[in-house]
Amino acid sequence: MPHVVRSTIIDAQVDRLWAVLRDFNGHDRWHPIVARSHIERAQPSDRVGCVRRFVLRDGSELREQLLTLSDLEMTFSYCLLDTPIPLFNYVAHVRLLPVTDGNRSFWHWESRFTTPPGREAELARIVGDEVYTNGIEAVRLLPELTREDA
């Protein structure tokens, strides 16, 4: 079972970073591979159990469900419901922590999933690099995180 982990330090206050990431439907505003997204049944994007349906830039459609969300702990978890690539039992967790040295943020993003035999390394690379690393790098450049007056 692949276990993918990416973590980094972001040069932004943790509350600013949390404001961006806690919006379960906001990834189309920052992730380079997401073209558009909406929450099904017009539910709020912070309601545990809500489902986001989104389209990637290549036209692929996915559905993910918000499993947990804690503003106090700055964490959330979600799972894949429908995906065109063979990731099964996919559950991901995001956690932020303040870094007091420089008023920065620690971002931890991880997942576990199963795959067809022999595709573990390939699919772990896709999740780790194309989804997590590319997403982290895009968030790092957001103006609302880098502006002094934000």
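Reply: Start with a definition: buried means under 20% relative accessible area, exposed means over 50%, and partly exposed lies in between, with a 1.4 Å probe and protein chains only. This is a predicted model: local features need pLDDT of at least 70, side-chain atom pairs count only at pLDDT 80 or more, and totals for chains, interfaces and linings use all residues. Residues are numbered from 1 along each chain as its sequence is written, and side-chain values use heavy atoms, with hydrogens and water left out.

Me: What makes W18 and F76 a pair, and of which kind?

Reply: Rings of Phe, Tyr and Trp (its six-membered ring) pair if their centres lie within 6.5 Å; planes under 30 degrees apart count as stacked, over 60 as edge-to-face and the rest as tilted. The centres of W18 and F76 are 6.2 Å apart and the planes stand at 45°, so this pair is tilted. W18 is in helix 1 and F76 in strand 5, 58 residues apart. Helices (H or I, at least four residues) and strands (E, at least two) are DSSP runs, numbered from the N terminus.

Me: What kind of aromatic pair do Y90 and F113 form?

Reply: A stacked one, at 5.8 Å centre to centre with 25° between the planes. Y90 lies in strand 6 and F113 in strand 7, so the pair ties together parts that are 23 residues apart in sequence. Y90 counts as buried because its relative accessibility is 4%. F113, at 0%, counts as buried too.

Me: Which residues form one aromatic cluster?

Reply: W18, F24, F76, Y78, Y90 and F113.

Me: How do you know that the charged end of R52 sits over the ring of F24?

Reply: A charge sits over a ring if NZ of Lys or CZ of Arg is within 6 Å of the ring centre and within 35 degrees of the ring normal. The charged end of R52 is 3.9 Å from the centre of the F24 ring. R52 also lies over the face of Y78, at 5.3 Å from the ring centre.

Me: What stands opposite R52?

Reply: E64 in strand 4. Strand 3 (residues 51–56) and strand 4 (residues 61–70) pair in the antiparallel sense over five bridges; two strands pair if DSSP finds at least two bridges between them.
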